[in-house]
Amino acid sequence: MGQPESREERESAQSGLPPGQRLQRGWPVTHYGPVPKFKPDRWEFRVFGATADGDKRCWNHEEFSALPFSTVVADLHCVTKFSMLGAEWGGVLARTILELAPPAPAVTHVMVWAEYGYSANIRLADFASERSVFATHKGGELLTAEHGFPLRLVVPHLYAWKGPKWVRGVEYMTADRRGFWEERGYHNIGDPWGEQRYSYQEGPGDGPEL
């Protein structure tokens with residue numbers, strides 16, 4: 001027989017929270033470094049790397065804002081142990097980007113790039129989830145600068161650090177490569193239901209060597 005569940009584990013299961021998480025009523029501001037100043041005339045979203053046709057694809061802010069808009073109701077789980085449940089995110093689905101700028105057949109991962117050179121690596125299957133969204137809105141309102149305006153990625157089934165704020169582009173990769181926090185001791189995959197918080201928890205095949 002297995003060990004009995006702790007009270008915390010029972011409460012998390014009953015509330016729909018991943019293990020070790022607590023319900024957050026508000027939305028704390030968490031990020032590394034300063035909040036960038038948005039300059040719409042200089043903003044560009046790029047898709048590059050191993051694209052199907054070998055070319056990169058770019059959208060300026062006006063063009064990106066004109067892409068099909070979708071709404072996703074999904075949770076946000078931060079590795080600092082707070083969770084927001086049932087948030088409404090509005091923006092451009094990651095699948096839309098994959099359709100407009102297809103990856104080459106050999107692509108297995110993407111690197112999501114943000115301001116100041118911040119990056120997060122994600123398996124292609126996670127990126128292509130029907131609920132992964134480049135969010136411009138939350139709850140029908142534009143994101144604030146502190147929460148990632150003009151664009152942040154939300155991948156609901158992974159810890160929130162896998163969805164950077166202030167996104168500027170996506171690189172298609174044919175082999176995995178660690179991003180900013182993954183190089184600094186965070187888990188390469190980041191599944192909150194498996195409590196994949198830190199690199200020492202990784203098993204064989206979870207990621208490239210540090």
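Between which two strands is the loop that holds histidine 147 found? The legends below, which describe a predicted model, return to this residue in the last view.

**Figure 1. The open sheet has 5 strands with mixed pairing.** The strand order is S3-S2-S11-S6-S7. The edge positions are taken by strand S3 (57-60) and S7, each of which pairs on one side only. From one strand to the next, the twist averages 15°. Strands of a sheet pair through backbone hydrogen bonds, in either a parallel or an antiparallel sense. Both senses occur around S11: its pairing with S2 is parallel, over 4 bridges, whereas its pairing with S6 is antiparallel, over 6 bridges.

Figure 2. Glycine 169 in S11 stands opposite arginine 46. Valine 167, also in S11, stands opposite alanine 114, and methionine 173 of S11 is the bridge partner of histidine 109.

**Figure 3. Arginine 168 and glutamate 115 form a salt bridge.** The closest N and O atoms of the two residues are 2.9 Å apart. This pair links distant parts of the chain, 53 residues apart: arginine 168 belongs to strand S11 (residues 167-173), and glutamate 115 lies in the loop between strand S6 (109-114) and strand S7 (119-123). Arginine 168 counts as partly exposed because its relative accessibility is 23%. Glutamate 115 is likewise partly exposed, with a relative accessible area of 21%.

**Figure 4. Lysine 162 and glutamate 182 form a salt bridge between buried residues.** The closest N and O atoms are 2.8 Å apart. The pair links distant parts of the chain, with lysine 162 in the loop between S10 and S11 and glutamate 182 in the segment after S11, 20 residues apart. Lysine 162 has a relative accessibility of 1% and therefore counts as buried. Glutamate 182 has a relative accessibility of 0%, so this residue also counts as buried.

**Figure 5. Glutamate 195 and arginine 197 form a salt bridge.** Here the closest N and O atoms are 3.3 Å apart. Glutamate 195 is partly exposed, with a relative accessible area of 28%, whereas arginine 197 is buried, with a relative accessibility of 4%.

**Figure 6. Proline 34 is found in a loop between two strands.** The loop runs between strand S1 (22-23) and strand S2 (44-49). Leaving aside neighbours within four places in sequence, proline 34 is in contact with Tyr116 and Trp166. Proline 34 and threonine 136 are 102 residues apart in sequence, and their C-alpha atoms are 19 Å apart in space.

**Figure 7. Histidine 147 is a buried loop residue.** The loop that holds histidine 147 lies between strand S9 (141-142) and strand S10 (152-154). Why does histidine 147 count as buried? Its relative accessible area is 9%, and buried means under 20% relative accessible area. Not counting residues up to four places away in sequence, histidine 147 touches Trp27, Pro28, Val29, Arg152 and Lys165.

Notes:
Residues are numbered from 1 along each chain as its sequence is written. This is a predicted model: local features need pLDDT of at least 70, side-chain atom pairs count only at pLDDT 80 or more; totals for chains, interfaces and linings use all residues. Side-chain values use heavy atoms; hydrogens and water are left out. Contact means heavy atoms within 4.5 Å. Buried means under 20% relative accessible area, exposed over 50%, partly exposed in between (1.4 Å probe, protein chains only). A salt bridge is a side-chain nitrogen of Lys or Arg within 4 Å of a carboxyl oxygen of Asp or Glu. Two strands pair if DSSP finds at least two bridges between them. Axes are lines fitted to C-alpha atoms, for helices over the stretch in contact, and angles run from 0 to 180 degrees between N-to-C directions.
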